[in-house]
Amino acid sequence: MAKSSLSSNGGSSSSSTARLTPYQWSLIGAASDSSNRTFARALGLAESSFYYDRIFNGTADIVWHYTVHIPSGPALGATLFSEQNVSRTWAVLKRYYPLLGSRMQLQDDDETIAFIVQERALSEHQPGEITLGVASSQDEVSTLVWRLIRDKPTEYHHIMARIFVLRREDIPGAYSVLFKAAHAISDGISGATLARAFFDVLCAPPFTIPPLEKKLAMALPSDALNPTMQMSPARQRWRRAIGKVTFLNRRNKLAGGHAIPNKGTDKSYCTPAVTDRILKRIDLVQSRAILDACRLHKVTFGAAIPVISQMALTRFLHRRFLRGDLSVDEWEQRGRQPMHYGGPLNLRPYLDQTWQREGGAMEISLMIDYYDCSLPFMPTPYGARRDAGVPRAADGAPPYEVLLSRARFLARVRSIRAQLVRTLKHPLLLDIACARQPLYVLRKKMIAAHWEATSKGEPLPEFPELTKLDATSRDFVFTGGVSSVGDMSRILPSNYPLPKGHPLSIRHRHTLNPRLSAIGSDAAQPEPALPRLPTTSAADAVLRIVDNSTHLHSRPSEFFLGNGTTRGHLELFLTFDANVYSRSDAEEYVQDCYEAAMYYFGEQDVNTLAMGKL
């Protein structure tokens with residue numbers, strides 16, 4: 001059996017760390033200079049899975065792009081974004097969020113991976129960590145984004161987080177600010193936290209930062225923050241065992257399914273993705289109509305996204321069948337299959353309450369698990385007919401009204417919502433997450449190892465343990481990934497600096513309202529009501545965010561539909577592997593998603609809809 005030997009760029013195996021205590025930071029080595037101590041802790045399960053993603057050609061790394069405007073003009077902009085001020089601000093953030101300045105290191109046992117935090121590295125910057133420059137256009141900024149996630153994804157890969165500040169020559173007083181981070185230390189909520197903290201500190205005078213030991217104590221994996229850690233060891237073992245059985249039973253129910261036609265091969269799983277992305281920003285009037293309809297029917301747009309995707313794919317496939325691109329056999333086979341979706345869950349609201357009150361929910365760290373949801377077969381009211389009696393819209397597919405009524409559409413949305421509620425309200429939610437992660441770690445380790453072996457022309461390492469960790473049927477096909485971040489404006493204000501007393505400003509110590517941790521976390525139900533947070537007025541703003549976007553390095557064969565609200569605009573953004581899916585098909589699918597959202601939510605008298613059945 002071939003043996004795998006994996007290491008990350010700049011993070012090779014080392015004997016410098018003794019055996020690490022799970023979930024705890026340890027002081028390692030002996031530093032003659034007390035200001036240059038080194039700390040280490042083992043990665044949690046989810047963090048470890050993203051470690052293997054990252055060494056697989058930078059898979060899953062995230063780039064956040066912000067366009068900001070300095071209202072008072074270029075003179076203040078030059079001061080705010082001077083090399084000295086940006087360097088000061090970035091050092092403050094690394095000391096406040098030490099994972100930003102860490103590195104990942106595989107240990108001698110070839111299994112344990114550690115975060116290493118060297119105290120001096122939090123105040124000093126490496127070459128490539130901070131980049132200041134000029135951009136003459138949005139296209140030039142986009143070229144940089146693509147370089148970071150597609151063309152040169154492993155450039156400066158030993159650096160966990162990088163920042164780019166580009167003065168915009170085409171927009172007076174504007175700057176493009178980009179952050180790139182490893183997914184092992186960040187997620188969607190972390191992206192908002194990073195930007196908010198950076199712009200707040202950038203515009204404000206220095207302040208006192210808590211001691212490093214205290215900040216490290218907040219930088220723990222989700223595994224360590226399960227409230228059941230306070231239970232007896234026997235009780236914890238019981239919960240883990242039942243969580244594993246529940247997880248395997250859920251996976252056992254995942255069978256069949258189908259996805260958008262593609263050109264994948266048996267090597268696609270270990271071939272680094274060529275990332276591509278399509279954004280559809282819906283105008284304000286249409287966005288408001290869609291969200292109003294969701295509220296009136298007591299569903300969220302996030303819960304509707306799998307059904308919107310299904311209806312988009314239904315019309316996409318009808319179009320191809322009616323013009324003869326799909327055989328009758330394939331059409332009938334697809335018509336009998338369910339559709340399976342899945343996406344990330346924000347675990348912060350379910351973690352240790354003391355950690356949340358101390359501000360842990362707004363730490364820059366990885367705090368996610370995943371959910372699965374399924375829909376019945378796509379509607380095919382005309383069976384295998386291709387004759388002229390099958391109604392066709394101008395784009396060649398049957399219109400939505402003859403495929404699925406609005407009432408039945410809402411019934412499917414409520415089915416998705418019920419599945420999500422069952423997942424989130426399960427008393428063993430975190431124990432099920434703990435049972436899921438070993439599968440993801442080993443699968444990603446296998447993919448990285450097979451990629452490495454293939455590139456060297458060596459036999460593929462075997463991972464027989466994988467079959468024991470998963471229970472899905474052999475015919476299981478995943479339709480696509482989905483994610484809903486909701487409206488992030490409540491944790492990512494537009495104007496900076498944040499006013500005195502703002503609970504999310506790291507410049508002031510506050511007890512954090514636990515309800516803030518639920519923002520952007522639950523596609524099943526509306527976000528919680530919050531007390532009105534103080535804001536900086538437009539007249540007092542030194543800096544204003546005017547646009548932002550998120551870019552992911554795609555996984556192999558990924559087809560991932562995200563949605564969120566940016567300054568009142570609903571957005572649909574598809575990240576996909578261009579090795580496997582064509583851009584023209586992806587654009588057609590996103591347009592169908594938009595039209596489905598408009599038909600079922602944006603162009604109706606929402607008060608006339610009746611309850612429907614699946």
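**Salt bridges and cores**

1. Across the whole structure, which is a predicted model, a search finds 40 salt bridges. One of them joins the side chains of Arg348 and Asp187, with N and O 2.9 Å apart. Because Arg348 sits in the loop between strand 10 (339-346) and helix 11 (353-357), and Asp187 in the loop between strand 8 (174-181) and helix 5 (188-202), the pair ties together parts 161 residues apart in sequence. Both Arg348 and Asp187 are buried.

2. Arg281 and Glu571 also meet through their side chains in a salt bridge, at 2.4 Å from N to O. This pair links distant parts of the chain, since Arg281 belongs to strand 9 (residues 275-281) and Glu571 to strand 16 (residues 569-577), 290 residues apart. Arg281 counts as partly exposed at 35% relative accessibility, whereas Glu571 is buried at 5%.

3. In the salt bridge between Arg319 and Asp592, the closest N and O atoms are 3.1 Å apart. Arg319 lies in helix 9 (residues 301-322) and Asp592 in helix 16 (residues 583-602), so parts 273 residues apart in sequence are tied together. Arg319 is buried, with a relative accessible area of 7%, and Asp592 is buried as well, at 2%. Both residues belong to a network of salt bridges that also includes Arg315, Arg320, Asp395, Asp585, Glu588 and Glu595.

4. The largest nonpolar core has 96 residues, and those with the most contacts inside it are Phe81, Phe179, Phe198 and Phe199. Helix 14 (residues 429-456) supplies the largest share of this core, 11 residues. A second, separate core of 59 residues includes Ile282, Cys294, Leu572 and Met598.

Technical notes
Residues are numbered from 1 along each chain as its sequence is written. This is a predicted model: local features need pLDDT of at least 70, side-chain atom pairs count only at pLDDT 80 or more; totals for chains, interfaces and linings use all residues. Side-chain values use heavy atoms; hydrogens and water are left out. A nonpolar core is a set of buried Ala, Val, Leu, Ile, Met, Phe, Trp, Tyr and Cys residues joined through side-chain atoms within 4.5 Å. Buried means under 20% relative accessible area, exposed over 50%, partly exposed in between (1.4 Å probe, protein chains only). Helices (H or I, at least four residues) and strands (E, at least two) are DSSP runs, numbered from the N terminus. A salt bridge is a side-chain nitrogen of Lys or Arg within 4 Å of a carboxyl oxygen of Asp or Glu.
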